Amino acid sequence: MAVTVSVTPGPRCLWDEPVEIAVHGLDPAQPVTLRASLRDEKGELFQASAYYRADAGGQLHLAREPALGGSYSGVEPMGLFRTLRPERPSERLLKRDVQTPFRVDLEVYEGHDPQPTKLLAHAVHERGFLRPGVKRIPVREGSVRATLFLPPGAGPFPGIIDLYGTGGGLCEYRASLLAGHGFAVLALAYFRFEDLPKELNSLHLEYFEEALNYMLQHPKNGWTNSQLHQHVLMSGKCIFVRSC
């Protein structure tokens, strides 16, 4: 019986959706190494691997069996994704184009060799960032430079303004995923993007007020001026603006 690796619910999921990885057709108690590999849009390689042992029936389910070492240990169904590390330590896994998925190669090797060579099975799994029906709308209104993500349906939807960190540019991956959960999300650039200021010390608060007014006036938003409580929740480097 040929060794196979399966991913449930299917070969393509959203980045924030859990999956179940299983290996079939192994010998009872056979030692194997599982490895996940991903290349980002710049071609940088990210990998994770873990050592496992098949059960008495020659099956291996990551949701039940513990990893015996490698990038992680213990029962971690999503461990191969959670522990992806760059080949070059200075790199960071960051999705730049949410309209295309990440491709993850899942490989099963014989034994627990740190540099395994005998490949037993291989599968390709794609992890996307846009749920079907989510709309991606570039925004260039006044001085606002952003991308609006809208869930499918008539709305209105609870709104979020997402600000990404101190690296500059326009980062969309969190906004696109949140829209898949029913939020209208404005991924807002605020420096080092198009004609925006090049440095953080050149920002003006009026810019963020303009972005907030854009969301308030949008027909899909779930706010009204009377409902807005001026409640801004800081979570990491994300600003959430919501009605109360």
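Modeller: First, a definition: a residue is buried under 20% relative accessible area, exposed over 50% and partly exposed in between (1.4 Å probe, protein chains only). This is a predicted model, where local features need pLDDT of at least 70, side-chain atom pairs count only at pLDDT 80 or more, and totals for chains, interfaces and linings use all residues. Residues are numbered from 1 along each chain as its sequence is written, and side-chain values use heavy atoms, leaving out hydrogens and water.

Biologist: Is Asp 55 buried, partly exposed or exposed?

Modeller: Asp 55 sits in the loop between β5 (45-53) and β6 (60-61); strands are DSSP runs of E, at least two residues, numbered from the N terminus. Its relative accessible area is 22%, so Asp 55 counts as partly exposed.

Biologist: Which backbone nitrogen lies 2.8 Å from a polar atom of the Asp 55 side chain?

Modeller: Polar contacts here are N or O pairs within 3.5 Å; within protein, one atom must be able to donate a hydrogen and the other to accept it, and residues adjacent in sequence count only if both atoms are side-chain atoms. The Asp 55 side chain reaches the backbone nitrogen of Gly 57 at 2.9 Å. The one at 2.8 Å belongs to Gln 59.

Methods. Helices (H or I, at least four residues) and strands (E, at least two) are DSSP runs, numbered from the N terminus.
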